[in-house]
Amino acid sequence: MFQYFSELSPVLQALIATTITWILTAIGALPVLFFARVKKQMLDALSGFAAGVMTAASFWSLLLPATEHAEEIGIAPAPIIAVGFMCGGILLWVGDKLWERLEGKRSAEASPGAEISKKSTSRRRSAMLVFAITLHNFPEGLAIGVAFGALSYGATDAALTAAIMLAVGIGIQNMPEGMAVSLPLLREGMSGKRAFFFGQLSGLAEPIAGVLGALLVMKIRLLLPFMLSLAAGAMIFVVADELLPEANREPRGKTVTIATLLGFAVMMFLDMALS
């Protein structure tokens, strides 16, 4: 199976990998079909594990290859990688600010003096929630696409495994995201089937972004160091701003910390063992 997958084009590899992360988003949304409330301990541990995998992958799968590719094409790596890394974080920061503005509008609509109907307000809340998670999923899919697209310039088993592990880490993170969308929709009054549908729909951006990222780095090699570092910045922003603060709460803080270390160790071991 690994041999067959390694012989596919990077674009097709990216499409398959991001389709799997989309499926994992759907798996995360599945519980709404059966339960109205779900314990968060397992999801917090999974988030911690994903944070560790993504942190390690950001270096070995994105920043380190970005440095190597920049040197190969005669570009000074430090400035372009630093700028790309910050741009990745800024991209998600802008998304967060946009969400805050939408959240403010939602709160105003829900105020006692609002004339809008309760049903219409509920629909707007649902639409904004799905949009917010979808906005975050796009750069994650882009990161996977960039990692696979980079293989077109010299694929090794270690590089392919690193790209796969990056997709695994993002896929694990998508499971609680799928639930993060679907459970509030359920509380807004949606049926379990509709809440599941919109929960999994938020992951659709990843296959689109994955193919786009792979095509960009394959067609324009000069973009590769910047795109890799941009994706790394986006990943670290997700880890620092969303995964760990959300998951690392008492009384489960130590569990999440251990899961984060485990995720990092797994990614580090696989990369070092195969390099």
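**Reading a helical model**

Author: In this chain, confidence is lowest in helix α5 (residues 118-149), with a mean of 71, and highest in helix α2 (residues 10-29), with a mean of 91. The model is a predicted one.

Reader: What is the mean pLDDT of the whole protein chain?

Author: The mean is 79, and 79% of the residues reach 70 or more. The scale runs from 0 to 100.

Reader: How many helices and how many strands does the protein chain have?

Author: The protein chain has 10 helices and 0 strands. Read along the sequence, the pattern is α-α-α-α-α-α-α-α-α-α.

Reader: Why is T18 called buried?

Author: Buried means under 20% relative accessible area. T18 has 0% relative accessibility, so T18 counts as buried. This residue lies in helix α2.

Reader: Which residues does T18 touch, leaving out those up to four places away in sequence?

Author: They are G141, I144, E206, P207 and G210. Contact means heavy atoms within 4.5 Å, so each of these five has such an atom pair with T18.

Reader: How do you know that the buried residues of α7 line one face of the helix?

Author: The buried residues of α7 (residues 192-201) are G192, A195, G199 and Q200. Seen down the helix axis, they fall within an arc of 125°, so they line one face. In general, an α-helix has 3.6 residues a turn, so residues three or four places apart point the same way.

Reader: What makes a set of residues a nonpolar core, and how many residues has the largest one?

Author: The members are buried residues of nonpolar kinds such as Leu, Ile and Met, joined through side-chain atoms within 4.5 Å. The largest core has 51 residues, and M54, L62, F148, L166, I170, M235 and L243 have the most contacts inside it. Helices that each supply at least two of its residues include α2, α5 and α10. The largest share, 12 residues, comes from α9.

Reader: Which residues is I170 in contact with, neighbours within four places aside?

Author: I170 is in contact with M54, E140, A143, I144, E206 and M235. A second, separate core of 8 residues includes V32, M179, L183 and L185.

Methods:
Residues numbered from 1 in each chain as written. Predicted model: local features only at pLDDT ≥ 70, side-chain atom pairs only at ≥ 80, totals over all residues. Heavy atoms only, no water. pLDDT = per-residue confidence, 0-100. Helix = DSSP H or I, 4+ residues; strand = E, 2+ residues; numbered from the N terminus. Buried < 20%, exposed > 50% of the residue type's maximum accessible area, 1.4 Å probe, protein only. Arc of directions from axis to C-beta.
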